[in-house]
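Keep the structure open beside you as you read.

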Amino acid sequence: MKEIAKYITPESFYKRRREFVKLGAGTLLSLSLIQSKLMALDFKNDENLDKLKISDEKLATSYVNFYEFSTDKRKAVEYAQKFNTQGWKVELSGEIEKPLILSMEDLLSFPLEERIYRLRCVEAWSMVVPWIGFELRHLIEKARPTNEAKFIKFTTLFDKTQFNDQNSFFPTLDYPYVESLRMDEALHPLTLMAVGMYKKPLLGQNGAPIRLVVPWKYGFKSIKSLVKIEFVKERPKTTWELYAPHEYGFYANVNPEVSHPRWSQAHERILGSFSTQKTLLFNGYEKEVASLYAGMDLKKNF
Ligand code: MTE
């Protein structure tokens, strides 16, 4: 706890409270819950603070991909300002002992931690983001999956009154946005359910009030604003796989040797600097996750 206090001064508390008050009324309820947890320093700080250079917060909250709002990053941020997350619930169903509906209060009872992770988008840019969240495996344990549960399917909110692109005559994607992980990937301790970043609640554009973060996979696996988690027997078709199966695979593990059909993945642009760097296999998490894919042809299973 003392360690955490070093990084959070009363002044930053005050500024945060002001930012918080500026947010729309709809988001306030779930945000205030998350905010009160974070302000009580009720999370464990990441000890890797010195290992990665954290991206500028402004960049991470403005250079976003959230197609439901808009494919235009600037407009996505603009439309997200009015995002209403009041009374947010996450439904758990499928191959589990009994279906569950969890409120944000329930979800915030899992142990919160800060995790400083690399984020590598399939568009060949990267950032480093300090998330706050809990390991997905805690939620899985609570759900008590049966032996039949082989994959987890995640679904984003579908609400045409809130998401401009869902309401458009020609939506960009086949909504709701769906993602999935194999059960062992979902149980991996690096797989996070994030409720905050930069020691604050997630903003609408970053997937408020709760999203997935899978740091060794391309960013599109890290689905935002989750409302449904289903435990299923068969591998579900995911949104990007349906959109362009030759371009976006189910696994989407970061891999410098597997090019996107239209561009190389060997290098990445570090957002906020003029530099590029070599892409790392599994986005630098090879030591932790390579065993999940032992014996698998990573080129075929891209
Ligand atoms: N989740 C939903 N529901 N809709 C999206 O458009 N974009 C994905 C992912 N999650 C997306 C999503 C992509 S392509 C990336 S790179 C990351 O979110 C970006 O997260 P960030 O905007 O918080 O950096």
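This is a predicted model: local features need pLDDT of at least 70, side-chain atom pairs count only at pLDDT 80 or more; totals for chains, interfaces and linings use all residues.

## A buried lysine

What does the side chain of Lys-199 make a polar contact with? The partner is the side chain of Glu-114, at 3.1 Å.

## Around the ligand

Several N or O atoms of the protein can be picked out here. The side chain of Lys-224 places one of them 2.7 Å from an oxygen atom of the ligand. The side chain of Asn-206 also has an N or O atom by a ligand oxygen, at 2.9 Å. Ser-222 takes part through its backbone, where an N or O atom lies 2.9 Å from a ligand nitrogen. How much of the ligand's accessible area does the protein cover? The answer is 98% of the 530 Å² that the ligand has on its own.

In soluble globular proteins, nonpolar side chains tend to be buried together. The largest nonpolar core in this model has 84 residues, and Leu-92, Leu-139, Ile-210 and Phe-231 touch the most other members. Strand β4 (residues 125-135) is the element that gives the most to this core, contributing six residues.

Leaving aside residues up to four places away in sequence, Leu-139 touches Leu-92, Leu-102, Leu-107, Phe-110, Phe-134, Met-193 and Ile-229.

## Backbone points to check

Most residues other than glycine have a negative phi, and most peptide bonds are trans. Some places in this model depart from that pattern, as follows.

The bond from Tyr-175 to Pro-176 is cis, with omega near 0°, and Pro-176 belongs to the loop between β5 (151-156) and β6 (178-182). Ala-208 and Pro-209 are also joined by a cis peptide bond, with omega about -5°; Pro-209 is in the loop between β8 and β9 (211-213).

Positive phi values turn up too. Arg-144 has a phi near 50° and lies in the loop between α7 (136-143) and β5. For Ala-252, phi is near 55°, and its loop runs between α9 (239-243) and β11 (267-270). Is Ala-252 buried or exposed? Ala-252 is buried, with a relative accessible area of 3%.

Methods: Residues are numbered from 1 along each chain as its sequence is written. Side-chain values use heavy atoms; hydrogens and water are left out. A nonpolar core is a set of buried Ala, Val, Leu, Ile, Met, Phe, Trp, Tyr and Cys residues joined through side-chain atoms within 4.5 Å. Buried means under 20% relative accessible area, exposed over 50%, partly exposed in between (1.4 Å probe, protein chains only). Helices (H or I, at least four residues) and strands (E, at least two) are DSSP runs, numbered from the N terminus. Contact means heavy atoms within 4.5 Å. A polar contact is a pair of N or O atoms within 3.5 Å; within protein, one must be able to donate a hydrogen and the other to accept it, and residues adjacent in sequence count only if both atoms are side-chain atoms. Accessible areas come from the Shrake-Rupley method with a 1.4 Å probe; for residues, only the protein chains shown count as cover.
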